[in-house]
Amino acid sequence: MILFVKNERGVAMPIYLNPTDRVSMIWSEICYSEAINERQLANKSLFYNGKRLDRSKTLDESGLEHGAVVLLSAAR
């Protein structure tokens, strides 16, 4: 499945994952694709439909579907 991670500047990055992957895989893909480390993302969270995503849940458990747009934003 393809997800789109949109940053605070409005730039969306496609990420290819499986529905059984955990939300933590999104973080791994962001770090790999953007060549940044997790420390630089320390004050950021991933949000979908206004709710913060739990890193330990699968994409299915989080309600994410093919083509979903996830927002990477400062933790609220």
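Trainee: In which sense do β1 and strand β5 pair, and over how many bridges?

Mentor: In this predicted model, strand β5 covers residues 69–74. One of its residues, Val69, is the bridge partner of Phe4, and another, Val70, stands opposite Val5. β1 and β5 pair in the parallel sense, over three bridges.

Trainee: In which sense do β1 and strand β2 pair, and over how many bridges?

Mentor: Strand β2 comprises residues 12–16. Val5 stands opposite Met13 in this strand. β1 and β2 pair in the antiparallel sense, over five bridges.

Trainee: Which residue takes a positive phi in the hairpin of β1 and β2?

Mentor: The hairpin has five residues between its strands. Among the residues of this hairpin, a positive phi near 90° is taken by Gly10.

Trainee: Which strands stand at the edges of the sheet?

Mentor: The sheet is open and is formed by five strands in the order β2-β1-β5-β3-β4, with mixed pairing. A strand at an edge has a single partner strand, so one side of it is left without a neighbour in the sheet. The strands in this position are β2 and β4 (51–52).

Trainee: Which side chains of strand β1 point to one face and are buried?

Mentor: Along β1, residues 2–6, the side chains alternate.

Trainee: What separation is found between the C-alpha atoms of Ile26 and Leu46?

Mentor: Leu46 is among the residues that Ile26 touches. The two residues are 20 residues apart along the chain. Their C-alpha atoms are separated by 8.9 Å.

Trainee: Why is Ser73 classed as buried?

Mentor: Ser73 lies in strand β5. Residues up to four places away in sequence not counted, Ser73 touches Glu8, Asn43, Lys44, Ser45 and Phe47. The class of buried residues requires a relative accessible area under 20%. Ser73 is classed as buried because its relative accessible area is 12%.

Key: Residues numbered from 1 in each chain as written. Predicted model: local features only at pLDDT ≥ 70, side-chain atom pairs only at ≥ 80, totals over all residues. Heavy atoms only, no water. Buried < 20%, exposed > 50% of the residue type's maximum accessible area, 1.4 Å probe, protein only. Helix = DSSP H or I, 4+ residues; strand = E, 2+ residues; numbered from the N terminus. Pairing = 2+ DSSP bridges. Contact = heavy atoms within 4.5 Å.
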